Amino acid sequence: YAVNTAVPSISRFYVSKQGTLSLLGSITFNSPTGLRPFDARLSRDTRYLYVVDAGLGAISTFSVKVGSLTELGSSPTLLPSGVTPFGLATN
C-alpha cells in the first residue's frame, strides 16, 4: 500500500516473487477534505490498515480483505485536541 497525500487516496500494489510492482488500483477516503494522510501501518493480523491524518489530527481505518481496502464507517477517528500525529506504530 502507498499513501497518496495530495489526492488523498491509497494505492494498492502487487509485488511479484521477482520484486516487480503492479498497480492494482486506488481507493479514496470517505471524507477526504483536509486529511493530509501520509503514514500507514498494517495491524499485526493484517486485517486492518491504519492511516495517520495529520490535517485533521485523526486516524483512518480500513479493513483489508485479500488486498482490497474498505474504509470503516466510523473512520476517521479524531485524536485528542492539540495532537498532531506524524507517525504510527502498531503492535
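Analyst: A residue is called buried under 20% relative accessible area, exposed over 50% and partly exposed in between, using a 1.4 Å probe and protein chains only. By that scale Arg41 is partly exposed, because its relative accessibility is 36%. The model is predicted, so local features need pLDDT of at least 70 and side-chain atom pairs count only at pLDDT 80 or more, while totals for chains, interfaces and linings use all residues. Residues are numbered from 1 along each chain as its sequence is written, and side-chain values use heavy atoms, with hydrogens and water left out.

The charge pairing comes down to 2 salt bridges in the whole structure (a side-chain nitrogen of Lys or Arg within 4 Å of a carboxyl oxygen of Asp or Glu). One of them joins Arg41 to Asp39, with 2.9 Å from N to O. Asp39 counts as buried because its relative accessible area is 13%, whereas Arg41, at 36%, is partly exposed. The other bridge links Asp45 and Arg47, whose closest N and O atoms are 3.9 Å apart. Here Asp45 is partly exposed at 41%, and Arg47 is also partly exposed, at 48%.

Next, the backbone around these pairs. Thr46 sits in the loop between β4 and β5 (48-53); strands are DSSP runs of E with at least two residues, helices are H or I runs of at least four, and both are numbered from the N terminus. The phi of Thr46 is near 60°, a positive value in a residue other than glycine. With a relative accessible area of 43%, Thr46 is partly exposed. Arg36 also has a positive phi, near 55°, and is not glycine. Its place is the loop between β3 (21-28) and β4 (37-42), and a relative accessible area of 46% makes Arg36 partly exposed.

Arg47 has a further partner in Ser63. Beyond its neighbours within four places in sequence, Ser63 is in contact (heavy atoms within 4.5 Å) with Arg47, Tyr48, Ser68, Leu69, Thr70 and Leu72. Ser63 belongs to strand β6 (residues 58-65) and is buried, since its relative accessibility is 15%.

The chain as a whole gives the setting. It has 8 strands and 0 helices, in the order β-β-β-β-β-β-β-β along the sequence. Its side chains include 7 positive and 4 negative ones, and the centres of the two sets lie 8 Å apart (Lys and Arg count as positive, Asp and Glu as negative, with His and the chain ends not counted). Of the 91 residues, 33% are buried. Among contacts with a separation of 6 or more, 32% are between residues 24 or more positions apart.

One joins Val7 and Pro8, with omega about -25°, and Pro8 lies in the loop between β1 (2-4) and β2 (9-15). Another joins Ser75 and Pro76, with omega about -5°; Pro76 is in the loop between β7 (68-71) and β8 (77-78).

Methods: Charge placed at Lys NZ, Arg CZ, Asp CG, Glu CD.
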